[in-house]
Amino acid sequence: MKRVFALLALVGAVAFGAPAWAEEKAAPATPVAAASAEAPAAAAATEAAPAEAAPALVANKGDNAWVMMSAALVILMSIPGLALFYGGLVRSKNMLSVLMQVFVIFSLITILWVVYGYSAAFTEGNQFVGVLDKLFLKGVTPESVGATFSKGVVISELAFVIFQGAFAAITCGLIVGSFAERAKFSAILVFMVLWFTFSYIPMAHMVWYWAGPDAYTDAAAGEAAGLTAGFLFQKGALDFAGGTVVHINAAVAGLVGAFMVGKRTGLGNVSMAPHSLTFTMIGASLLWFGWFGFNAGSALEASGGAALAMVNTWLATACATMSWMFAEWIIKGKPSMLGAASGAVAGLVAITPAAGFVGVMGAIVIGLLAGIVCLWGVNGLKKMLGADDSLDVFGVHGVGGILGAILTGVFVDPALGGTGVYDYVANKVGDFDMTAQVISQLWGVGTVIVWSGVVSLVAYKLVDIVIGLRVPEEEEREGLDLTSHGETAYHH
């Protein structure tokens, strides 16, 4: 527990000690920033109604098709991708329990997303959370549209709903890897409800909610629209597809969980080697495949920006695979399948916040660094922290997410091949200040670490008091497949 508080205090002090931007600027275009179907009242009030109403915007069928297909790819990442990746890493007696946890969490969060999650995350409220006007998707019809990142271009709001819902589901699923093989199934489900409600939803709103590009008609309207955006969007933090909202958010929750649940029985004395690297490799491959929807789909349009995100996702992942493998080869004398698969996931994580912002050279650097830095994360940093993070969620998703989020602020620079930050009032890429952008990125990193850490700590403690977090020792030794679910993954 002392390590948890010390870690949160240290990072919070660094991140929140950074000054805000020195001057007011129009809110930047943050690919994946939530596209609201409603323009803010403040912006709408800046002009009198035109004499003749403008024709209603109609969703482009190509963009719609791309976002819906991307949503399906993200769902594939959870089931079966993440489930198989995690399942192969645990012992055979716990394989089915991990599959069950990921599968049921996906179903649970899907329901919560439709009931209240989407409304709370992607409607105009305050800087930290939206309102509940769209409970059960009230008012969201086949004719409803939401903004993209181009003026005058929209997609069906229902397509955006399922796309973002798939993000929420896999984020919660990621957490279970940190305390795999020893947590109560009922406790996991209750924790997920609390964490999703009080950590995921606010972070999604803070990072991705904005009024959409059409609200930025002039300087005054742009300033008014900017004030309705999420807290970190206003800070200028860039997160293309979830480095903060998904990866760091889940990783911090997992790390706190590893401390709270405690170490696995027999750790250090009993072999806890992965029971099937075959399944882990298949899972990693499905994650890589599905991640094209995760990152390129976050452009919200079938555009050149989506193609850039797709190429960067492909390239950075390959670079991280190679750098992790060669570093491990040098250190341990042999390259391993586990290392190659872990390197691929590290690359996917690190490029996520940067995918649509950086050029290919930026993707190469981010990928190469991710493999090496995350290898240290699952070895050196893990020993320093002293937590039994079973499947290295923090070492890969936390470390990789932090690395990628900060480097986004560097390689978005047009001078380094990046796209720059678009100014929707001027309708062009704005002047770039790397120092200011990196500070904005640190605001994002620091906020999510502290927010998720505090919410997770409180949620785990409540669940522990009411239900208990951990299964009895004899059940843990026998395996969660039989003791928690009454069945086994294998019969042989």
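Leucine 300 counts as buried at 1% relative accessibility, where buried means under 20% relative accessible area, exposed over 50% and partly exposed in between, with a 1.4 Å probe and protein chains only. The residue is placed in the loop between helix 10 and helix 11; helices (H or I, at least four residues) and strands (E, at least two) are DSSP runs numbered from the N terminus. Leucine 300 is not a glycine, yet its phi is positive, at about 65 degrees. Most residues other than glycine have a negative phi, and most peptide bonds are trans. The structure is a predicted model, in which local features need pLDDT of at least 70 and side-chain atom pairs count only at pLDDT 80 or more, while totals for chains, interfaces and linings use all residues. Residues are numbered from 1 along each chain as its sequence is written, and side-chain values use heavy atoms, with hydrogens and water left out.

A positive phi, near 55 degrees, also occurs at phenylalanine 136, again a residue other than glycine. Phenylalanine 136 lies in the loop between helix 4 and strand 2 (145-147) and counts as exposed, with 59% relative accessibility. Isoleucine 79 and proline 80 are joined by a cis peptide bond with omega of about 15 degrees. Proline 80 belongs to helix 3 (residues 61-89).

For the protein as a whole, the secondary structure comes to 17 helices and six strands. Of its 492 residues, 57% count as buried. Among contacts (heavy atoms within 4.5 Å) with a separation of 6 or more, 80% are accounted for by residues 24 or more positions apart. The protein exposes about 18800 Å², of which carbon and sulfur atoms supply 68%; accessible areas come from the Shrake-Rupley method with a 1.4 Å probe, and for residues only the protein chains shown count as cover.

The whole structure holds 26 aromatic pairs. Rings of Phe, Tyr and Trp (its six-membered ring) pair if their centres lie within 6.5 Å; planes under 30 degrees apart count as stacked, over 60 as edge-to-face and the rest as tilted. The pair of tyrosine 118 and phenylalanine 160 is edge-to-face, because the ring centres are 6.4 Å apart and the planes stand at 70 degrees. This pair links distant parts of the chain, with tyrosine 118 in helix 4 (residues 95-121) and phenylalanine 160 in helix 5 (residues 157-175), 42 residues apart. Tyrosine 118 is buried at 0% relative accessible area, and phenylalanine 160 is buried at 3% relative accessibility. Phenylalanine 167 and phenylalanine 294 form a stacked pair, 4.2 Å centre to centre with 5 degrees between the planes. Distant parts of the chain are linked here too: phenylalanine 167 is in helix 5 and phenylalanine 294 in helix 10 (residues 277-296), 127 residues apart. Both of these phenylalanines are buried.

One aromatic cluster is formed by Trp113, Tyr116, Tyr118, Phe122, Phe160, Phe196 and Tyr200. A nonpolar core is a set of buried Ala, Val, Leu, Ile, Met, Phe, Trp, Tyr and Cys residues joined through side-chain atoms within 4.5 Å. The largest such core has 138 residues, and Tyr86, Phe196 and Tyr200 touch the most other members. Apart from neighbours within four places in sequence, the contacts of tyrosine 200 include Trp113, Phe167, Trp208 and Asn249. Elsewhere, the charged end of lysine 235 sits over the ring of tryptophan 443, 4.3 Å from its centre; this assignment requires NZ of Lys or CZ of Arg within 6 Å of the ring centre and within 35 degrees of the ring normal.

Serine 323 is placed in helix 11 (residues 304-332) and is buried, with a relative accessible area of 9%. A polar atom of its side chain lies 3.0 Å from the backbone oxygen of leucine 368. Not counting residues up to four places away in sequence, serine 323 touches Gly367, Leu368, Gly371 and Ile372.

Leucine 469, in the loop between helix 15 (434-466) and helix 16 (473-478), is buried at 7% relative accessibility. Leucine 469 and glycine 257 are 212 residues apart in sequence and 9.2 Å apart in space, C-alpha to C-alpha. With residues up to four places away in sequence not counted, leucine 469 touches residues including Arg182, Ala187, Met260 and Tyr460.

How values were computed
A polar contact is a pair of N or O atoms within 3.5 Å; within protein, one must be able to donate a hydrogen and the other to accept it, and residues adjacent in sequence count only if both atoms are side-chain atoms.
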